[in-house]
Amino acid sequence: MQSLPTQTHTDTDYAIEIKDMDFYYGSFRAVKNVTLAIERQKITAIIGPSGCGKSTVLRSINRMNDLIPGTRVEGQILFHKQNIYDPRVDPVQIRRAIGMVFQRPNPFPKSIYENVAWGARINGYRGNMDELVESTLRKAALWDEVKDDLRKSALALSGGQQQRLCIARALAVEPEVILMDEPCSALDPIATLKIEDLMRELSVNYTIIIVTHNMQQAARASDLTAFFTMDEDRAGIMVEYGRTDQIFTNPRDKRTEDYITGRFG
Amino acid sequence: MPRETLDRQIHHLQDEVLLLGSMVEQAMLESVNALKAQDVETARRIFHADHLINEKRYAIENAILILIATQQPMARDLRMLAAILEVITELERMGDYAKGIAKVTMRLESSIDFANMRDFSTMAELAVDMLHRALSAFFAENAQQAYDIPKEDDAVDELYNKIYRALVAYMIANPESIDQANFLMWVAHNIERMADRVTNICERTVFIATGELLEMDADDEEETE
């Protein structure tokens, strides 16, 4: 089990700190003993084979797994020095601060404008909505393509545009952290590169964590990479975590090397 | 559609290669000047500064490996990065030639009154000028210039032959100075090899522009070191 030496720093250096986390589906321990500190305003990629627990860990970061009966988290996930699994914490507040973008673009069957305004409204936004929709669509690198069609149905957009609209919708809630679960797996290569460039721009202001089975994407788009795999109990474990350039040129662990060179299994 | 991260990093690498090139140009010109002036202090400084050139080369190589591993460059981008790997190897070797000339200056035991010292400077200036324009053509991906520059090597070769003949005559006239003259032979050889290596850079320019690897001077003598 590898960890960055910097993980001994104070909580405030990190957007999220996962400490000794286990995740259970009923009696099955699906994720074992994960400790992972997520750096602020960086893009952290989680890669690994199917079943390694990477999406489970990602969904635990904004308590999305609460919605699945029979699951539980042990250990801690710290956000602003507070364990988000503390019973006093409101999961709805957590999901506002830690937004999520899913594998398939899932815009609401409403206009482009309404998709963005929705996020601002649930956040109690009282200012000029037109301005907010424009600035948010600009942040999501979508404005120039849709500015003349804001009343058009979001479902009329291409897949890549829909995904950027979903990112805009997440941004309108003003999160600190954006979780992305395979955000490009339904997109073509050009739309994928657009999302990656957008992620790079967003990382100036936001902390991004992306789960991807596309390790070339992790290599291209992330600053830090965590490699997960399964142990002999079929539980997900973190093998190695480090700077992306180091992981993809000189990984420390042979299991990481085997995976990124395509010799896994 | 630009690939912002990849494009930015390639531009940064190109700047670093130009910097490496200027370090080599400066080392070559200064080493020949130090030889002419028999300035051992300057020669010693050039000799010891060669490691900076080597370190810069390895830093660029490492950055390219990271770029290939993380950005999956293709086609022209990939050819550019592969070509830079080759170019920085050539530049580092040219730096070694300058270091070798500095070493000669450090080892010449007494002043030498060889009449053709000016020819070393002319030769070095020609070779450095070829290198400078070859690097410009490389980054401009200008295949036409890359085809033309190696033809200038003939002028360097002519000067080499002139110095060679003069040094042989000098040895016959001054048998007690054969060691010294032999050192000077190496200086001429180093400059001549530097100009040959400029041709290799031009070959890579054509490779980037066209995708074809061709040898520009097949009759060039083999590396003898």
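Predicted model: local features only at pLDDT ≥ 70, side-chain atom pairs only at ≥ 80, totals over all residues.

Residues are numbered from 1 along each chain as its sequence is written, while chains are lettered from A and ligands numbered from 1 in the order in which they are written.

Select chain B. By that rule a compact globule of 225 residues would have a radius of gyration near 17 Å, and chain B agrees with its 19 Å. Its C-alpha trace spans about 70 × 35 × 25 Å along the principal axes. Color by secondary structure and you get seven helices and zero strands (DSSP runs numbered from the N terminus: helices are H or I, at least four residues; strands are E, at least two).

Now pick helix H2 (residues 40-71) and helix H3 (residues 75-107) of chain B. They pack at an angle of about 170°, with their axes 8 Å apart. Axes are lines fitted to C-alpha atoms, for helices over the stretch in contact, and angles run from 0 to 180 degrees between N-to-C directions. So H2(B) is roughly antiparallel to H3(B) (over 145 degrees; under 35 is roughly parallel, 65 to 115 roughly perpendicular, the rest oblique).

Next, hop to chain A and select A:Glu240, in strand E10 (residues 236-243). Is A:Glu240 buried or exposed? Buried, because 22 other C-beta atoms lie within 10 Å (20 or more means buried, 12 or fewer exposed, in between partly exposed, with C-beta atoms placed from the backbone). The C-alpha atom of A:Ala226, 14 residues away along the chain, is 5.8 Å from that of A:Glu240.

Then show the largest nonpolar core, with 76 residues; A:Ile16, A:Ala168 and A:Ile209 are among those with the most contacts inside it. Such a core is a set of buried Ala, Val, Leu, Ile, Met, Phe, Trp, Tyr and Cys residues joined through C-beta atoms within 7 Å. Helix H6 (residues 159-172) of chain A gives the most, seven residues. A second, separate core of 61 residues includes B:Tyr97 and B:Val187.

Last stop: the A–B contact, with 11 residues from chain A and 10 residues from chain B (contact: C-beta atoms, placed from the backbone, within 7 Å). Helices H7 (189-202), H8 (215-221) and H9 (244-249) of chain A each give two or more residues to the side that touches chain B.

Note on methods. Contact = placed C-beta atoms within 7 Å. Rg over C-alpha atoms; globule rule 2.2 N^0.38 Å.
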